[in-house]
Structures are given as C-alpha cells and as structure tokens.
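Here is a short report on a protein model. Look at the structure first, then read on.

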Amino acid sequence: MTTPATELNSIIGSELDSDADQFLTFVLGEEEYGVDILRVQEIKGWDSVTPIPNTPEYIKGVINLRGTIVPIVDLRQRFNMPEVEYGPITVVIVLKIECADRDRIMGIVVDGVSDVYDVPPDEMKEAPDFGSVVDTEFVRGLATVAEKMIIILDIDHLLSGNEMQATDKLSA
Amino acid sequence: MQQFHQTFFEESFEGLDIMENELLNLDVGNADNESINTIFRSAHSIKGGSGTFGFTAIAEFTHVAETLLDEMRDGIRPVTQESVDLLLKSVDVMRDMLTVYKDGGDMDADNIAEVQGKLEKLLGSDSANTASAQDASANTANENSDGWLITFRPHTEMLRTGNDPVRMIYALAELGEIETKADISELPAFTDLNPEDSFLSWEITLKGDAKKEDISEVFDWVEDECDLDIQPISGASETAPSTDTVETPTTTATTTTAQAAPTPAAAQAPANTASAKKPTESASIRVGIDKVDEIINLVGELVITQAMLGQVGGEISGDESHNNSHMEKLVEGLAQLERNTREIQESVMRIRMLPISFVFSRVPRLVHDLSGKLNKKVNLVTLGEGTELDKTVMEKIGDPMVHLVRNALDHGIETPEERLAAGKEETGTLTLNAYHKGGNIVIELSDDGAGINKERVLNKARANGLVGENETLSDDAINDLIFHPGLSTAETLSDVSGRGVGMDVVRKNIKSLGGSVRVDSNEGEGAIFTIQLPLTLAILDGQLVRVGEETFVVPLVSIIESIQVKSNNLNGIAGKADLYKLRDEYIPVIRADNVFGMNNSFESLNDRLMVVVEGDGHKAGIIVDDLLAQQQVVIKSLETNYQRVDGLSGATILGDGTVALILDIPGMIEMFKEKGVPVPPAPVNPDGNGSDDIADEAA
C-alpha cells in the first residue's frame, strides 16, 4: 500500500527526513541554487509583467497574483549574469520574504526548477569568504547532493527592501 | 480570560468617551438625571470589569469617582463646575491606567494619587452635608426603621447572565437577620421546566438597621433584570411607595435592550445600552477591521472578474453567428451581474465609512480644557457630524484636526478683554463643519478671532529669509506662509502651541492622505481653515492613459482638462524645459515617458495629447500617447510587497487582469522639478540605470 507520503517520496526521489530541511532547487546557467521549500508559495510560468519606472533593471515589474501586486526580480540580472531570452521553461518562483517589519511576497525569474532535496543542517557548509570577488552575504550555505554543489540562498537578505534599493554589483 | 481583555478595553475606552461627552454636555446646576445616570453606568461597568479582570488599581480609583457620581445621581450632591472638572480629570486618569494595563508601561502614580485625593477630599468635605441630604432624599426612609421588606422578582432570563439569586440572599443575610418567603406560583410543571430560566421570586424581610444603599448595592448588577422593591417596614410603605423604589431611574428602553440581548456583556456594559438609546446611533456589531478588509479585497477581485466576463460577453455578442435568444439572455445576465457587483462594492465600501463625529467628538474636551487654560471664552459649534468618510482617513485626520483647534484657540480667538475692546462679543465661536463635495470630504474649521496678522507673518518670513526684502506677495501667499516649517508668530511660546512645528506637519499629514489644506483670513475677523480629503483611500476614479506600451491611471480629481498640443503655444525656456501657454498662464510640460525613463527621445510635441493636471496647487501638462477609458479602480499598495516608488501612488488591476500603475501627480511634478527635464542633446538618465538606452540613442 502506498501512502501519499511514500508516493511523494518516489516523485521527488528522496527519503523524507524529519531532521533535514527541504530545499527547492533551481538552475541559473550552470549553477544550482536552493531555497527553503517552506517559503515557496507557488511556481508559475513566465508571463508578461507591468514594468515599474525608475527601478533597478533586475526588477522586471509587477504581476497580479490573484489580487495581490507582486514584484518580480530577475535573478540572473540581480547576480549580473548574462541575460537569456525567456523561454517556455522559464519560471517564476513566488516566495515569501520575511522582513523586519512584515512579510512580503515576491517572485524570482529563474531558468528552470530542478529538484527537491533534503539537507540535514550539519551537512550544510559555510560559504568561503571571497572578499570582494563575490558577495556571499546572501548565501546561507553550500550543500552537496549527488556530488553537485548547491548554493542555498538567504532570500530574506537577498530580496529585502534595503538590498533591493542598492544597485551594488554582485557576481556569482 | 485573556481573550476577554480586548473586549473589556474596547468597551471601557468607549465608556470613557461616553462619560467625557456626557460630562461636557452637563448643564451645571441643572443637570439632566439621565446624563448623570449614563455617566454613572459607564463608570460602574468599568469598575466591575476591571475588578473582574484583576485590574485593581482602576477598580479602586473608579470606585471613588463612582461614589461621587452616585451622590450626584441620587440628588444628594449638586453638580458643580468643580466636580465636573474633577470628574473629567478622573476620566483622563482612568484612560491612562487602562492604557498602561493594555500596552504596558508605568503608571503615573503621583497623578493618580493627586486626583484620587481631590476626589476623596471633595467627598469628605461635605460628608455632613451628605448625611443630611441623604435624610432629605431618603424621604420616608427612616434610619431607625425596624427593617426592610424586599420584594425581589428576577426576570426569567436572569440566571443566564450568570447572576445567582442565592448569592444575593446570602449577601443580604450579612446585613442583618433575614426571613425569606419564596413564591413558587410561577413554577411550571416539571416537564416544562427550563433549568436556565428563573421562575422564583422572594419576599425578604431584613431586620436591623441596614442602610438602604447597602441593600440596593447587593442588587446592583441585576437592577435591569429584576423587579425590585425595597420598603421600610415601619408602615411607611403606604405613604410614599414610589419614591423609595430602588428601581433606579432606568427607563423602559434600557430594560428592553438588556432583555433583548441577555448576555453577560450586554448586562454588564450599561455603557453600550446607554449609547444604544440615542436615536442617532443604531444597533451595531463589532467586527475586526481585518475581516472587513478581506471582504473588500474579495469584492475587488469580484469586480475584476465581472469586468473580464463583461468584456468576453461583449465580444461574443458582437459576433453575428451567435445571435440567438441564449445570447440575449447571457448579455442580460451579464448586465445584471455588473449592476449587482457595483452595488456590492458600494455597500462594502460603506462598511468602512464612519461619521466624522468620531473625530469631532474629541474637540469639545479639547476646547473645554484649553479655554480654561488660556482664560478664553469659546463656544463650539459643530455641523455636518453625520458626514461619512473612510476609517483609515479618519484615523489619520484626528491629529491634524486637534492641532488646528489648538491653533485656533491659542492664536485665533482673543481673550474676552481683547474681544470686547475690538467690539466683538465676549465669547468667541469656533465652528467645525463637514460636508461632501464631489468625491471629497471638506472639513472647515473657522473662528471669529483675530485672523492672521499678515504683517507679522511677512516680517517673520523676511527675518527667516523665506521671503526676499523687496518681494511682494499676494494675501493668499502670505497666509500660506503659516504652513511653512519654522514659522510661528505667537508672541509668547506656550505649551499649547507656538513652537513653530505643527502647521507644516498638519499640511504634510493631510498631503500624505492625498488631501489639501488652505487658509483664508481677514485680519480682525477670523480665519477659515479648509481641509479637503478623499473620501476613501481604497478606490479611486481614474482616467486610463497610455504612455509608450504601458497603461497608467491618472486620478480624475487631479485632472483639469485634456487637450491636443498646438505647437504655436509651445515655448522653450533656457532651451531645457517646455512651457505651454494655456489661455492666460504658462504651465510646464512633463513628458511622462522621460520622467519614467522609458524613452529618452524628444519627438515633436505637436498634436500630441496633453493631460492638464493640478497637484499641490501647481499645474502641469503631462504628455501621454493615448487617452483610454475612465473607470473606478481599486487601489493596491506597491509597498505591501515592494516599496514606495517616486511618482506612483500605487497600482491597480484592470479588467483583463493586468496591473496598471497609478500616477502620483504631486509626486511627479516634484520629480520633474527636482530632476529637471533631461536636456535633449545629452539626455541625463533619471536614475543612472539603463545606460544601454543612452548608448542606443547616441548610436
């Protein structure tokens, strides 16, 4: 007899581990990034946005998410990676951001969604300090799954109000 | 228990407001019994509630105030200005204490002790008086009577409010020897008996020298829920039975309300019952504002869905091949849906609307206190209190209003001597008026005081360098200077106003609500402050315009007209900005696409569409590519999930589900002024971004 949980396990291809945090991973170019799955509100295909004037380039604009105005950030542009044409698998991951004063809903544009992994807390490595080469403040840690490095993002820091205003140059 | 605290605080604050209002309305020397009763009831329920929740400090303090009120209620103590003032102070103290219990913090123990001391002194000072008056009022109530005959007939539903007659009888037993006779004639057959109803009544004989007040105190909580009669036994019952009935001056209205809602809250909150009696206020329920907002959001969604359906329906019906009776019905149905949706939206919006009396009710107290402090005589007139506006707007307009009232009393209305010398009546008049005008609410605050001394304002402005030595200003411009930060003309600084902060804050606050404030004044005759505010912050009548590829919403209130640009009316200034000659004035031309960094090219403006707008008293023409529909839009904040963006006041969702941004006209004019227009030969990019665009331009 298969319970929904085991079914889910077979779908996502990993054992549910109560201690481990689950991360949704997505790809940007060759790199794989992860975000806490509990923060993911929904995943939707790229659709046109309403641009907001006089905002940084990486703010693509706002969309109507069932009556809520949600800003959309292009993560490639945010990381100063080369832009790519949006295609059929380009997706928007809608995330809940916890700021000091309140929660916000924001969407990030990524190349595609990859997988869901369990990462036990003790397997998460701290990101080495790259000095000024790479700003690692938005990296919560690095995890290795199937010999692959996954960059776990600190989305609160990455998408908080202050960071969004700053037009600092990040490279990833 | 915790869950009831919120309700207790809300009801108590309401009760305090009622007390304050009634106290201010009390006609000293000829006090209306019903008013005193209302005040007493409010105090009493606050005392009871705070005792129940263990807020002993409030309970103890309120008890003293209540004693004073009780004496007034019984006619033992005359209502004097002194006691009314003291009671008003007590209301403040109680409010402070409640706030401390609610939000934490430290109590101002000295102040509490001081006011309490004064209350006790007032009570003590004429205790002799009291005693004799008591005799008088007690009429036939002989202190040495042999005892009392108490007829206690609880109403059927008394038990449900948590009151137990047995406990009352026990309490009576503590006052003296009692003999009870229960009347069980009302008792139904066992099968019909509802254990939650009370069917018994008692005749109780209390022997000894218990005071009548002590007896009625036992029945304090249930006086609305029972028929109670207390008679001295010494045969006085025949002579004056009615005067002794302790059925305190409760009107039938109160009794019926209490019966209609036999819950503990209703029974123990006479404040509510009292307010419900006023003809102007109707029955209401308490609902969390978040629930209302949720409904408003959902209705907003509904409106969008309806618009979408309407659009599709219109397209289908336009198609000849579908023309049949089903189609007709569909179109009919859609029209009905549109009507219904609109009505729902209007009704839901009205939930958030409250009469402005919520703001005006703060003013009488303020005027009372300030006029005392400043030794001025002021008569307050309020008009249009029923005018409704959105709760959010209401919350934010309170403070600016208070400041304007302070200002009018401090600087506007003169002292009685000055007024007499100026040939005016001794008592000044402050008038508050509110009315609807278009989609706005207008609040006028006028006084018949000295008005604005233009010369002094101008001198001060010159001294501060705000106005050049030889500059001449129109009267309106001089009056407007008082809203400038750092300009106070009060000759002496007082703790009422005059620190030179305030009027600018007033204007800022009102502006942030999308409103405006201006002053008209004739020296020697007084001043009128006129505040204009949008009725609601939730919806807006907008003109949809197209700029480039995007649709924007221009608030209809800020649009004066829309015209087609005639090149012969167009003038350049310093080769940088364009000015447009509109009849007899020149207005700056704002290219919306430039301001928003969407397009840095400078095509000819000839024959293009220009929306003439006004924001903050400045006019400007905004160049747009097309004028689209006019429609009511639901305002959504950009700050909820993002942040404030200059030149935009929010966003909305259009019928097709896409997002359109709402222009903030004053903000845009400000942006235009600060940044200047990009100079045609070498466009300065507004935010330093999008350097690619400039490169393209150059190439």
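Chain A has four helices and ten strands. Helices here are DSSP runs of H or I with at least four residues, strands are runs of E with at least two, and numbering starts at the N terminus. The order along chain A is α-β-β-β-β-β-α-β-β-β-β-β-α-α.

This is a predicted model: local features need pLDDT of at least 70, side-chain atom pairs count only at pLDDT 80 or more, and totals for chains, interfaces and linings use all residues. Residues are numbered from 1 along each chain as its sequence is written, while chains are lettered from A and ligands numbered from 1 in the order in which they are written.

Of the 172 residues in chain A, 31% are buried. A residue is buried with 20 or more other C-beta atoms within 10 Å of its own, exposed with 12 or fewer, and partly exposed in between; C-beta atoms are placed from the backbone.

Now to chain B. Helix α7 of chain B spans residues 165-173, and B:P165, B:M168 and B:L172 are buried there. These residues lie on the same side of α7(B), because they cover an arc of only 55 degrees around the axis. The arc is taken from the directions from the helix axis to the C-beta atoms. Exposed B:V166, B:R167 and B:Y170 sit on the face turned away from the buried side of α7(B).

The buried residues of α7(B) are covered by elements of chain B that include these, with contact meaning C-beta atoms, placed from the backbone, within 7 Å:

| Element of chain B | Residues |
|---|---|
| β1 | residues 147-154 |
| β2 | residues 178-183 |
| β3 | residues 201-207 |
| α8 | residues 212-218 |

Notes: Contact = placed C-beta atoms within 7 Å.
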